[in-house]
Amino acid sequence: MATAATTTEDAISTQPEKKATPPVQMFYCGVCTFPPEYCEFGNSVSKCKEWLQTQRPDLYEKYYSDEALKAKLGTISQEAQNKLEEDTAKKEAKAEAKADAARKKKLASQIIIKRIERNKRKFVTSVRGLEAFGVDLKKAAKLFAQRFATGGSVTKNAAGIDEIVVQGDVSQEIYDMIAEANEGGGGDGGKGSKKGLDILKGVLVDNIEMVEEKRKKESE
């Protein structure tokens, strides 16, 4: 006669093994980084549609084909549809104008690498203007300090502007690091990415100005 414990064990052993549910693979738009069905809520829906039509035609047909749009807008009045299209166009134009202004600001921004004489044969190097190109100043200061085995920090200059100050005469070396990080236009996969120089990517080398500040003589 089977005991209650034996019966319970047999019941458990005969239960089918549950298989783990695989994780859902998400796909995101390469333009706005939203899931494709939410691109319409971003500021670049036209560019999103072009990208999606090239990369994932199946998802484009699902969400943005004429049939999909008709089904989505079928319950909306013509007046509401026109207003929606007008608002979307305005939003895209505003976003494009903002991006264009940012590009112009970057082109006009200047990086100053200054070699400063403190005492006889002692120098520090200051770097100003990298933040206009999206560079994290603290990370850049740490990178310079590690590369040259010296001190490096972010401080405010006399004008109250943040700048990186590195101990030692390393102005040319810093210029070379920025240039190396942006070889080939500063895109992904450049030579600098393997050396930790990706922090400096996006900086326009042509906008760098090298300056030398000599210590004033005591008699002056």
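Q: Buried means under 20% relative accessible area, exposed means over 50%, and partly exposed covers what is in between. With that in hand, why is Trp51 called partly exposed in this predicted model?
A: The relative accessible area of Trp51 is 23%. Buried would need a value under 20% and exposed one over 50%, so Trp51 falls in between and counts as partly exposed.

Q: What makes Phe27 partly exposed?
A: Phe27 has 26% relative accessibility.

Q: Why is the pair of Phe27 and Trp51 called stacked?
A: This takes two steps. Rings pair if their centres lie within 6.5 Å, and the centres of Phe27 and Trp51 are 5.9 Å apart. Planes under 30 degrees apart count as stacked; the planes here are at 20°, so the pair is stacked. The structure holds 2 aromatic pairs, one of them being Phe27 and Trp51.

Q: What does the pair tie together?
A: Phe27 lies in the loop between helix 1 and helix 2, while Trp51 lies in helix 2, so the pair ties together parts that are 24 residues apart in sequence.

Q: How do you know that the charged end of Arg56 sits over the ring of Phe27?
A: The distance limit is 6 Å from the ring centre, and the charge must also be within 35 degrees of the ring normal. The charged end of Arg56 is 4.8 Å from the centre of the Phe27 ring, and it sits over that ring.

Q: What makes strand 1 and strand 5 a pair, and in which sense do they run?
A: With at least two bridges needed, the 6 bridges between strand 1 and strand 5 are enough, and the sense is parallel. Here Lys114 stands opposite Val211 in strand 5.

Q: Why is Ala95 called partly exposed?
A: Ala95 is found in helix 5. Its relative accessible area is 24%, and buried would have to be under 20%, so Ala95 is partly exposed.

How values were computed:
Residues are numbered from 1 along each chain as its sequence is written. This is a predicted model: local features need pLDDT of at least 70, side-chain atom pairs count only at pLDDT 80 or more; totals for chains, interfaces and linings use all residues. Side-chain values use heavy atoms; hydrogens and water are left out. Helices (H or I, at least four residues) and strands (E, at least two) are DSSP runs, numbered from the N terminus. Buried means under 20% relative accessible area, exposed over 50%, partly exposed in between (1.4 Å probe, protein chains only). Rings of Phe, Tyr and Trp (its six-membered ring) pair if their centres lie within 6.5 Å; planes under 30 degrees apart count as stacked, over 60 as edge-to-face and the rest as tilted.
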